[in-house]
Amino acid sequence: MSADHPLVAILDDEPEIRRMLSDALEEAGFRTTCYARATEFEVGLKRSSPDVCLVDLGLPDRDGLALVHRLALESGAAIIIISGRAQVQDRVTGLELGADDYIIKPFDPAEVVARIRARLRKGRSESPAHAQTARFAGWTAHFDRYLLVAEDGAETSFSHAEGEVLRLFLESPNRLITRAQMQESLGGAAGESFDRAMDVRISRLRTKLREDPKNPRLIKTIYGAGYIFLGEVRWS
């Protein structure tokens, strides 16, 4: 990757969107290549290795989600979906298949530039292992004090065990975390007792985060696979 001028590949069948994104990104110091079809995009990947791929899901010649999944398996690039599909399940599916971020149309090009910079910055930085404060979705988590502070200022304490799970989610937002990954990260013997313990911790966290138990918006269960934490996270 060129640290000074990263390459962004844009795949979208709408010429206005390609032009808008390319202009904004090049003005911000990125290099860009643009494609209208998946077949052109795949040929382009053989000639160059982009740092970031912006992929629309509504492609005329290929299923966008299948392409995202293939890119996640075969490419080292960050993958950001740009799509008019605004349902939570669409976001969950895209992230589960390997996308690093999901931006809903219509969008401001400045937001796309900011998201790309954030993704590249995250890729270069170390894990926030020593950071003690995380901000997300109106909440602030103080891990040094085991305290959650809501947007309205209300404070709720959490246990060390709950904090371990919350930190795991916040360190890997918008990515699938499997039960096996949780067991490896948090320790303990894999099995039914570990699964029950995780279920209890996650249930308590959802309650403290004022989640609707029937339709949680932050900690999503992917049945048979694991969990995804949906949201942007800032550490300090």
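Residues are numbered from 1 along each chain as its sequence is written, and side-chain values use heavy atoms, with hydrogens and water left out. As the model is predicted, local features need pLDDT of at least 70 and side-chain atom pairs count only at pLDDT 80 or more, whereas totals for chains, interfaces and linings use all residues.

The chain contains 8 helices and 13 strands, taken as DSSP runs numbered from the N terminus (helices H or I, at least four residues; strands E, at least two). Its C-alpha trace spans about 50 × 35 × 30 Å along the principal axes. The radius of gyration of 19 Å agrees with the value near 18 Å that a compact globule of 236 residues would have, the radius being taken over C-alpha atoms and the globule rule being 2.2 Å times the number of residues to the power 0.38.

An open sheet is formed by 5 strands in the order β2-β1-β3-β4-β5, with parallel pairing (two strands pair if DSSP finds at least two bridges between them). Strands β2 (31–35) and β5 (101–104) lie at the edges, each pairing on one side only, and neighbouring strands of the sheet are turned by 20° against each other on average, direction ignored. Strand β1 (residues 7–11) is joined to β2 by 5 bridges, and L11 has Y35 in β2 as its bridge partner. Helix α3 (residues 64–74) packs on this sheet, where it touches β1, β3 (52–56) and β4 (78–83), and its direction makes about 165° with that of β3; contact here means heavy atoms within 4.5 Å, and angles run from 0 to 180 degrees between N-to-C directions, with axes fitted to C-alpha atoms, for helices over the stretch in contact.

Helix α3 also packs with helix α2 (residues 38–47), at an angle of about 10° and with the axes 12 Å apart; the two helices are therefore roughly parallel (angles under 35 degrees count as roughly parallel, over 145 as roughly antiparallel, 65 to 115 as roughly perpendicular and the rest as oblique). In this contact, A38, F41, E42 and L45 of α2 meet L67, R70 and L71 of α3.

Helices α6 (residues 160–171) and α7 (residues 179–186) have axes that come within 11 Å and cross at roughly 120°, which makes α6 oblique to α7. The contact is made by E164, V165 and L168 of α6 together with M182, S185 and L186 of α7.
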